[in-house]
Amino acid sequence: MPRTGRSALLAAALVTAVAAGPLAAPAFAAASEPARTSTAPATAGPDTEALAAAVAGLPDHDATAALLRVGGDGTWRGTAGVRDVRTGAPALENARFRAGSVTKVVTASIVLQLAAEGRIDLDGTVQRYLPGLLTEDFAPVTVRQLLNYTSGLRPGASLGDTVEEGYPHRFETLTPRQVVADAVAQGPAYAPGTRQTYGNIHYTVLGMLIEKVTGDSYAHQAELRIFRPLGMRHSSFPAGADPRIHGPHNRGYDWIDGKLVDVTDWNMSDRFAAGDLISTTADLERLLVGVFRGRVVPEPELKEMFTLPDVPGARYGAALERFEVNGKVIWGKTGSRPGYATVIAATPDLSRTLVYSVNSTDAKGDGLAVAQRFAFPAFNR
């Protein structure tokens with residue numbers, strides 16, 4: 001759709017409805033100019049022109065705000081869009097946001113730390129650590145198979161597979177145990193270790209495993225083991241079923257039934273150790289660099305993150321996914337929750353790093369389009 005068409009559609013939507021109440025069209029009358037800095041030379045580093053173009057004109061039909069941090073052999077910072085479409089206030093560079101499945105990097109790191117401490121055996125089984133969780137229908141499922149998504153567990157209970165389905169239930173609660181019980185009741189999808197199927201269920205079980213082994217809450221273990229050592233002062237998990245993002249944040253929106261709806265407040269308790277993290281781009285950059293430099297998980301356990309299992313079409317190690325962009329091998333993790341799309345990614349030697357949070361209006365939809373616009377330019381050169 002041409003930009004003029006998108007602007008007209010968006011302006012019309014703003015006049016009609018957002019869940020929080022009527023909006024005034026002037027909030028989008030003029031797109032905000034991105035605040036950006038660049039130290040990349042013209043012939044090296046990220047494609048700064050493409051990055052600037054990606055955030056130019058925000059907000060638009062596809063995103064209301066974007067926060068980008070590119071580092072390594074050339075740095076670039078970009079902040080564009082609006083904090084709230086009702087007021088048109090500019091987006092906050094230090095905004096907190098829902099990081100979605102980037103949470104899995106935190107979870108994998110804790111499990112691998114526990115393995116390095118001898119408290120978890122990666123070849124140990126769910127049946128050993130969480131007796132009674134799986135029925136006799138399941139063959140032994142190892143911790144390593146949970147980490148690399150080859151456990152054979154089916155997806156568990158959900159309050160909606162799409163934003164449209166989930167929105168009416170956004171303040172309801174599904175506990176991790178309820179999610180897993182539903183998955184177990186369906187029986188195994190395949191023999192463990194024979195296929196790789198990405199999904200939250202593997203990491204929901206890992207969160208339960210962390211709590212069983214440590215005798216502590218998952219959230220507190222993340223604080224002690226990851227956030228504090230790395231100086232991630234603005235990262236946290238919601239308390240219980242709290243649907244709010246506390247602290248400064250840019251509001252998230254999604255198109256539902258042709259209307260732009262505020263989806264910021266949402267109980268994510270069912271995502272638990274698979275997708276409940278709230279963070280900032282600066283904090284996630286600390287996580288990314290800390291993990292890749294071995295400051296979070298020691299060798300030999302760290303190699304699990306960068307090792308693909310020997311199954312057809314494998315793309316994931318422990319949490320991290322392997323990409324190739326413009327001939328560069330990149331490891332990273334995507335995350336999406338309604339109103340928020342997140343990426344952390346880097347070359348193995350950290351010569352190029354990327355962290356972004358985009359307030360995508362289709363965050364649970366076409367993730368490739370978001371990546372092509374905001375991520376690919378970071379690795380274009």
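Which residue stands opposite Val355 in strand 11? The residue is Ile344, and strand 11 makes a handy place to start the tour. A word on the model before going further: this is a predicted one, in which local features need pLDDT of at least 70 and side-chain atom pairs count only at pLDDT 80 or more, while totals for chains, interfaces and linings use all residues. Residues are numbered from 1 along each chain as its sequence is written, and side-chain values use heavy atoms, with hydrogens and water left out.

As for confidence, pLDDT is the predictor's own score for each residue, from 0 to 100. The protein's mean is 89, and 88% of its residues reach 70 or more. Over residues 1-33 pLDDT stays under 50, and the model has 56 contacts beyond four places in sequence for that stretch (a contact means heavy atoms within 4.5 Å). Residues 38-43 also stay under 50, with 12 such contacts.

Back to strand 11, residues 352-360. Helices (H or I, at least four residues) and strands (E, at least two) are DSSP runs here, numbered from the N terminus. Buried means under 20% relative accessible area, exposed means over 50%, and partly exposed is in between, using a 1.4 Å probe and protein chains only.

Strand 2 (residues 63-72) runs antiparallel to strand 11 and is joined to it by 8 bridges, with Leu68 partnering Tyr356. Strand 10 (residues 340-346) is antiparallel to strand 11 too, with 6 bridges. Strands 10 and 11 form a hairpin with 5 residues between them, and Leu350 in the turn has a positive phi of about 65 degrees.

Now for the interior. A nonpolar core is a set of buried Ala, Val, Leu, Ile, Met, Phe, Trp, Tyr and Cys residues joined through side-chain atoms within 4.5 Å. The largest one has 70 residues, of which Val106, Val143, Leu147, Ile226, Leu284, Leu287 and Met305 touch the most other members. Helix 3 (residues 103-116) gives the most to this core, with 8 residues. A second, separate core has 26 residues, including Val55, Ala80, Val343 and Leu354. In soluble globular proteins, nonpolar side chains tend to be buried together.

Val143 is worth a click. Leaving aside residues up to four places away in sequence, Val143 touches Val111, Ile120, Asp121, Leu122, Gly124, Tyr129, Leu206 and Leu209.

Helix 3 deserves a look of its own. The expected span of a helix is 1.5 Å times one less than its number of residues. For the 14 residues of helix 3 that should come to 20 Å, and the end C-alpha atoms are 20 Å apart, which agrees. After the helix comes Gly118, whose phi is positive, near 80 degrees.

On to the aromatics. Rings of Phe, Tyr and Trp (its six-membered ring) pair if their centres lie within 6.5 Å; planes under 30 degrees apart count as stacked, over 60 as edge-to-face and the rest as tilted. The count by this rule is 11 aromatic pairs. Take Tyr198 and Tyr316: their ring centres are 5.0 Å apart and their planes at 20 degrees, so the pair is stacked. This pair links distant parts of the chain, 118 residues apart, with Tyr198 in the loop between helix 7 (176-185) and helix 8 (201-214) and Tyr316 in the loop between helix 11 (281-292) and strand 8 (321-325). Tyr198 is partly exposed because its relative accessible area is 32%, whereas Tyr316, at 8%, counts as buried. Ring pairs also link Tyr149, Tyr198, Tyr203 and Tyr316 into a cluster.

Phe227 and Phe237 are stacked as well, since their ring centres are 5.9 Å apart and their planes at 25 degrees. Phe227 lies in helix 9 (residues 218-230) and Phe237 in the loop between helix 9 and strand 5, 10 residues apart. Both Phe227 and Phe237 are buried.

One last stop is Gly88, in the loop between strand 3 (76-81) and strand 4 (97-100). With 27% relative accessibility, Gly88 counts as partly exposed. Gly88 and Pro59 are 29 residues apart in sequence, and 9.4 Å apart in space from C-alpha to C-alpha.

Conventions: Pairing = 2+ DSSP bridges.
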